[in-house]
Amino acid sequence: MGLKIKDRLKKLFSWYLSKSALPYWSVVFVDFIIVFSSNVIAHLLNYGIRDYASKSAEAMILSTVLPLVCYFIGFRVFRTYRGVIRYSSFYDLLHVLCAVCLSSALLFCILKIFGHHLIITEALNQRDILMMAVFSTILMWTERLLLKTLFDELQVKDKAPSALIVGTKFAGIGIAKSIRVQNPSPYHIAGFITDDPQMTAFKLLGLRVLYAQHDEVYRFIRNHNIKVILVSPLAQEYFVNECQTLIDFMLRQGIKIMLKPEDIEWDGKSDISHQFLKEVSVENLLPRKKIEVDMEAIGKMLKGKRILITGAAGSIGSEMVRQVAKFSLEELVLVDQAETPMHDIRLLMARKYPDIKAFTIVGSIANPTHMEEIFKEHRPEYVFHAAAYKHVPMMEDNPAMAIQNNVFGTRVIADLAVKYGTKKFVMISTDKAVNPTNVMGCSKRICEIYCQSLNKAIADNLAASSAGNAAATENAAVSEELRQKLLQVDGSPAVTQFVTTRFGNVLGSNGSVIPIFEEQIKKGGPVTVTHPDIIRFFMLIPEACRLVLEAGTMGNGGEIFVFDMGMPVRIADLAQRMILQMGAKNVEIKYTGLRDGEKLYEEVLSEDEHNKPTNHPRIMVASVREYPFADALRNEEELYNISLSYDDKAIVKKMMEIVPEYHSQHSKNEVLNS
């Protein structure tokens, strides 16, 4: 019986509050009834029934008509009837108040001007006008708020999932309002979650406010059968970083968590809708600090420039393409040896950035002849070097290819950047280059050494050349061969600045744990983790690329920039959270043992290094041991020649000589450790 009454009321109010059933004149009509009723109430309270009834007919008519005419003028001026009642807001109520004030002012003017007429004084007095204004305002406000409340309650479908909104600032309230005005309402808002315990003493939009760190929030979620959590963008950083226990609880309960994705931009000020929020992947729920990057300054630096990106089809390289393509570039030269992914990049550029002169070139960075043709034709002003073999177990089994691609390929691109006058060369390294325990990490450390030593030689040569000190120039270059490497193709001294960026794992990259775990979970498991205690630092690909661009902007040459990767994550916890989020049942985690060259945790600094701060709180400069360029070049040449023998032990032994802190772990190469 109760449900039938509720359904009938719902149909009645849905019809009554629809645009077709509630035209403007009907709003005015209801307001006129309120004004008339307020007028009668005011007179009855002032005079009593007997005195009111004893008034002359002319006074009775005048006391009714005059207020209605004045109030109609007020309604007309402030258009109180134009607002849709079911969407009434503070501004609609303010318009009602202004209309009542204007109407009352008109009545006071009439009373002032024509007060000498007996019929006017009999019909109206100041007390009548004031009381009528008060009653009219209260009743019209009540009418609008009551109808809005009834509409909101009746429009929530029985099947609409219950939701909590994280955030009590204007963005959170805006999300709640955007849900309430939608018909049918997609969610039933049960309350708000806040980071301020004092807010729990208040209600927002008539709803309960819960403190995120209090046990009450867990009971509330269970008791109200919460199915969805909508996280306001302004509360997203707090929720992800400070509410990990709550997030795990929500995932165990099968609750859908919705946040603003990285690719959706919001200025933080304009109105926001719940439609901004999307169900996110598990990587978006990992704790990490907010990264602020001055993209405007980066845009000014790269505008109108010729940019070369190596490894452009890879995870990092392709995101670099998307980031720099937003700026007005003269040319964008993209190089990678993977044909099919490069075709995808080619289509992306044609579809999204048709105004940019883009060249997608299939080729290997270890091919000096081909690479020189590219540099000779395009003369890139900025080079972002992302090309590298990066998979640890693969390089452990193929050290020769790690040297020929990572080490020799980097030297080819670096030398060509010097020869053809590139302004800045930004190399993307890895935290695995710190105290390396595997071939891949050591190969990247050798690349760092070469770029840094080359930068130092260029700087010394420039200083000596500008001072006209031939002896200093001779000392900086040592030999004719080295001097030639410090000159541009036109014979002028090289000016290239070399900057290295060093960071850890990026989520969503090719071969990262996320897609591997997803595939294993879909197949019913098991999810394979190498060790229960293994931890890694993670960063989203767009975040990492923005920091690379920022480091490239601030670098003056020779720096090795280290990124603050935030909090470490246990891989086993990540796997468990993915199982929960995907709603999989009976999926176990299987520990397979550390892979060749793998260690339990990564570092961004060696024991001999320390950080120096920069202007960016998330970017530091590592103070590392410097190598003379002549030594770095000789070591690389010797290592490359050894790699052509494909003698794994001889290659790794030479790598250990170049990088003494390299100690192989969980690998066949452990026998070579000194």
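**Close-up views of helices in a predicted model**

**View 1. Length and buried residues of helix α4.** Helix α4 (residues 90-114) has 25 residues, which at 1.5 Å a residue should span 36 Å; the C-alpha atoms at its ends lie 36 Å apart, so the two values agree. The model is predicted. The buried residues of α4 are Leu 93, Val 96, Ala 99, Val 100, Ser 103, Ser 104, Leu 107, Ile 110 and Leu 111.

**View 2. Packing of helix α14 against helix α16.** Helix α14 covers residues 368-378 and helix α16 covers residues 399-419; the two pack at an angle of about 30 degrees, and their axes are 10 Å apart. Because angles under 35 degrees count as roughly parallel, α14 is described as roughly parallel to α16. The crossing of the two helices, α14 and α16, is right-handed. On the α14 side, Pro 368, Met 371, Glu 372 and Phe 375 make the contact. On the α16 side, the contact is made by Phe 408, Val 412, Ile 413, Leu 416, Ala 417 and Lys 419. Sorted by class, the contact of α14 with α16 has eight nonpolar residues, two charged residues and no polar ones.

**View 3. Surroundings of helix α10.** In helix α10 (residues 244-252), the buried residues are Gln 244, Leu 246, Ile 247, Phe 249, Met 250 and Leu 251. These buried residues pack against the strands β2 (188-194), β5 (226-231) and β6 (256-259), and against the helices α8 (216-223), α9 (236-242) and α22 (571-581). Just after α10, Gly 254 has a positive phi of about 75 degrees.

Note on methods:
Residues are numbered from 1 along each chain as its sequence is written. This is a predicted model: local features need pLDDT of at least 70, side-chain atom pairs count only at pLDDT 80 or more; totals for chains, interfaces and linings use all residues. Side-chain values use heavy atoms; hydrogens and water are left out. Axes are lines fitted to C-alpha atoms, for helices over the stretch in contact, and angles run from 0 to 180 degrees between N-to-C directions. Helices (H or I, at least four residues) and strands (E, at least two) are DSSP runs, numbered from the N terminus. Angles under 35 degrees count as roughly parallel, over 145 as roughly antiparallel, 65 to 115 as roughly perpendicular and the rest as oblique. A crossing is left-handed if the near helix is turned anticlockwise from the far one by less than a right angle, and right-handed if clockwise. Contact means heavy atoms within 4.5 Å. Ala, Val, Leu, Ile, Met, Phe, Trp, Tyr, Cys and Pro count as nonpolar, Asp, Glu, Lys and Arg as charged, and the others, Gly among them, as polar. The expected span of a helix is 1.5 Å times one less than its number of residues. Buried means under 20% relative accessible area, exposed over 50%, partly exposed in between (1.4 Å probe, protein chains only).
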